[in-house]
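Thanks for asking me to look this one over.

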Amino acid sequence: MVKVTLQATSATMATAMALCLSASALAQSAPQPASDTLQDIVVTAERRTENLQDVAIAAMAISGDKLADKAVTRLSDLQFASPALTVTDAGLTQSVNIRGIGLASGSPQVANGVATYIDGLFQPPIVTTNSFYDIANVEVLRGPQGTLVGSNSTGGAMFITSKSPELDRVEGYGEVAYGNYATVATQGAINIPLTDTLAIRLAANHREHDSYYDDVGPYHNQPGGLNETDGRLGVLWRPGAFQALLKVEAANKNTGGYAYRPVPGTLYADAAVPGIRNLDYNAPTQNSERAIINSLELRYEFEDGITVRSLSGFQNKRINNLYDSDATEAATQTEQQYVREREWTEEVNILSPTDGAFNWIVGGYYQRNKIDVDILNENAGFPTNIGTKNNKLTTGVFAQGGYKITPDLELQVGARESWFHVTGDGGVYIGRGIPVFPANGLQVADTAGRHDDSMPTGKVALNWKPDADTLFYAFAARGYKPGGFNSSTSEFSPETVWDYEVGWKSTLLDGHLRTQLGAFYNDYKGFQFGRIDLTNGQNGVVNLADATIKGVEGQVQAKFGAFGADAGFAYVDSQLGSITVVDQRLLPPGTLGPQCPAGTASNPPVCFDYTGYLRTGGGGPNLFSPKWTGNAGIDYTIELPNGMTLTPRLNLAYVGPSYTDILYSRVTDYLAARTLLSALVTLRSGDWTVEAYATNLTDRKYVTGQSGNNEFYGAPREYGLRLHREF
């Protein structure tokens with residue numbers, strides 16, 4: 001087992017910053033050439049370095065140096081910069097959905113529908129909220145990824161790639177920021193070539209701020225406060241045609257717990273104190289997250305241009321949480337939660353050159369996950385222990401080829417076969433430690449089980465480039481997300497989606513204007529959603545009725561001299577079929593047990609009659625799927641004396657209303673629309689940059705998600721100054 005603990009003080013971070021800033025004496029900074037046209041956007045999602053305008057996928061990409069311009073500091077901010085993407089807060093996890101497809105359950109049995117990758121490694125859904133630092137680029141792929149992406153997905157994929165070491169120069173940066181809520185942020189990186197073939201890159205990040213909330217309860221918790229420290233080491237060795245790239249990253253994040261209040265219309269809503277920034281907890285709250293991420297990429301390019309690539313990874317993520325479950329002083333319900341997930345991955349690719357009429361890639365994928373969950377719920381001091389240990393194995397083989405029928409028209413065909421196997425042990429026990437119960441408690445539910453499935457997926461596309469600046473494409477693609485089990489007697493099936501798309505990408509006006517436009521139709525089957533499993537009375541997963549999802553998406557970027565602008569939109573129309581489920585909002589608290597046999601009265605925790613709580617749901621839009629999303633940004637660079645520039649920028653983001661539950665209650669299951677503004681004023685002088693920033697300028701109060709009968713909120717208005725030095 002690998003155990004990593006990171007500790008940082010203001011003094012140590014200040015020392016690191018000083019080293020980064022003073023290192024400019026080691027290198028001569030090169031002036032950046034000015035340009036009044038758009039720069040190419042490079043993506044690597046299809047295992048090659050390609051211009052986004054030449055890739056037949058619906059995607060958004062942001063270079064690392066543009067993330068701050070769009071007020072993107074962590075994964076959840078991407079929903080305000082990418083159309084059709086939503087990131088819904090659920091406490092322990094985030095429900096990431098693209099076009100309404102992704103993750104709609106916090107169960108450890110459910111795989112990500114939108115796969116997230118850091119430096120090529122698939123990320124488990126926990127410990128994903130850390131800040132971005134020293135990033136090369138971020139890519140968001142919309143639609144099912146059933147061929148090349150490491151782990152098959154139904155909704156899309158997000159790739160976060162950190163900067164790698166370089167052999168040709170010493171360079172780096174240092175940055176400090178101060179803001180309201182006692183925000184202090186420092187980050188920096190330094191790239192050092194050790195020899196002609198060996199280089200290292202060191203990067204670090206520290207961020208802290210006070211809570212946005214006031215807990216008036218007896219413990220005066222600080223939920224939502226932040227103290228985060230991250231570090232990354234990169235090592236590059238390139239002795240000729242062979243290359244080895246090692247990255248080791250560690251993350252340590254502590255808050256005073258998650259900040260939430262009861263959802264209006266639920267059991268304890270009337271007991272909540274007024275004002276969403278006011279909380280009233282009668283129990284301590286805590287959140288501690290740790291992660292280590294290791295990746296090793298090996299590449300060898302033969303003389304004929306064929307490249308062999310291997311990417312190996314190991315990750316260890318852990319979370320410790322302490323909740324006031326009812327979020328009020330009206331009851332004494334608490335939860336202690338420990339979740340640990342370890343993951344081993346291996347991907348092997350063989351890639352052909354791309355300069356001929358035929359290009360291809362073949363590969364294989366292996367992923368093993370070990371998940372441990374240990375939960376203690378207490379209701380007025382009465383304990384319920386929930387423990388599960390799952391082992392997941394995901395494997396696959398894939399191939400994709402492209403053939404140029406004519407110099408302008410390419411046929412692309414890809415196929416993949418995926419296999420999934422999961423086993424688990426665990427159970428639900430009540431009364432542990434109470435004399436009248438067995439020493440380890442009384443088992444009231446069995447959460448052990450196993451599940452196996454497999455699925456062929458793939459893609460067929462026609463790509464037409466009538467000229468160097470235009471691409472038309474049309475394709476059909478199939479994606480898949482594996483099923484799983486709730487108990488030894490209850491399983492759920494895989495999700496599948498057939499996606500039919502057409503698109504147009506163009507570069508116009510001599511490189512001053514760039515557009516991406518597409519339309520899609522999805523036939524979506526087996527949507528996995530968290531629900532009460534009547535066989536054991538625990539939260540489980542069910543497959544909802546089939547859905548259809550269709551829409552259009554567009555993006556545009558413009559650069560005319562000092563003026564720059566970008567915008568994106570998505571219109572998504574979806575409809576789920578109907579299904580009968582338990583209305584969990586109305587259930588009494590505590591361990592209820594499985595469904596009672598016919599004619600037997602409720603006797604929790606032995607059994608409970610859920611008949612009176614069954615409702616018919618569905619028939620409406622897909623969950624976490626706004627009909628409209630959009631974003632826009634505009635900036636203008638003003639030339640000042642002595643080569644200085646001043647650039648104000650304004651960003652606008654809109655996420656439409658959506659539902660969190662298939663019963664579609666406007667009171668309990670509705671996330672209202674929000675429109676957010678952010679602004680940035682940047683003064684540049686040589687290698688120095690001073691920025692004044694503000695996010696959520698109008699101090700919009702909005703709900704970001706739900707977990708059970710509690711809801712979470714977006715950050716208030718934040719503002720500050722940022723000092724950045726390149727060398």
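**Notes on the strands, loops and backbone**

1. N137 stands opposite T161 in strand 10. Please keep in mind that this is a predicted model. The strands involved here are strand 9 (residues 135–142) and strand 10 (residues 156–162), which are antiparallel and share 7 bridges.

2. The loop between strand 9 and strand 10 holds T147. Is T147 buried or exposed? With a relative accessible area of 5%, T147 is buried, since the cut-off for that class is under 20%. Leaving aside residues up to four places away in sequence, T147 touches F398, A399, Q400, G414, A415, R416, G458 and K459. Its C-alpha is also 9.3 Å from that of E46, a residue 101 positions away in sequence.

3. Strand 4 (residues 85–89) is largely enclosed by the rest of the structure, because 4 of its 5 residues are buried.

4. Some backbone angles deserve a look. As background, most residues other than glycine have a negative phi, and most peptide bonds are trans. The peptide bond from P604 to P605 is cis, with omega near 5°. P605 sits in the loop between strand 36 (578–582) and strand 37 (614–618).

5. Which loop holds N696? N696 is in the loop between strand 44 (688–695) and strand 45 (703–707), and its phi is positive, near 45°, though the residue is not a glycine. D699 lies in the loop between strand 44 and strand 45 as well, and has a positive phi of about 55° without being a glycine. As for accessibility, N696 counts as buried at 6%, whereas D699 is partly exposed at 23%.

6. Now the whole chain. The protein has 1 helix and 47 strands. Its radius of gyration is 26 Å, close to the 27 Å that the globule rule gives for 727 residues, so the protein is as compact as a globular protein of that length. The C-alpha trace spans about 80 × 60 × 45 Å along the principal axes.

7. Burial and contacts round out the picture. Of the 727 residues, 55% count as buried. Taking contacts between residues at least 6 apart in sequence, 67% join residues at least 24 apart.

8. Finally, the surface and the charges. The protein exposes about 29200 Å², and carbon and sulfur atoms supply 58% of that area. How far apart are the mean positions of the positive and negative charges? They are 0 Å apart, for 55 positive and 75 negative charges.

Definitions and conventions. Residues are numbered from 1 along each chain as its sequence is written. This is a predicted model: local features need pLDDT of at least 70, side-chain atom pairs count only at pLDDT 80 or more; totals for chains, interfaces and linings use all residues. Side-chain values use heavy atoms; hydrogens and water are left out. Helices (H or I, at least four residues) and strands (E, at least two) are DSSP runs, numbered from the N terminus. The radius of gyration is taken over C-alpha atoms; the globule rule is 2.2 Å times the number of residues to the power 0.38. Buried means under 20% relative accessible area, exposed over 50%, partly exposed in between (1.4 Å probe, protein chains only). Contact means heavy atoms within 4.5 Å. Accessible areas come from the Shrake-Rupley method with a 1.4 Å probe; for residues, only the protein chains shown count as cover. Lys and Arg count as positive and Asp and Glu as negative; His and the chain ends are not counted. The place of a charge is taken as NZ of Lys, CZ of Arg, CG of Asp or CD of Glu. Two strands pair if DSSP finds at least two bridges between them.
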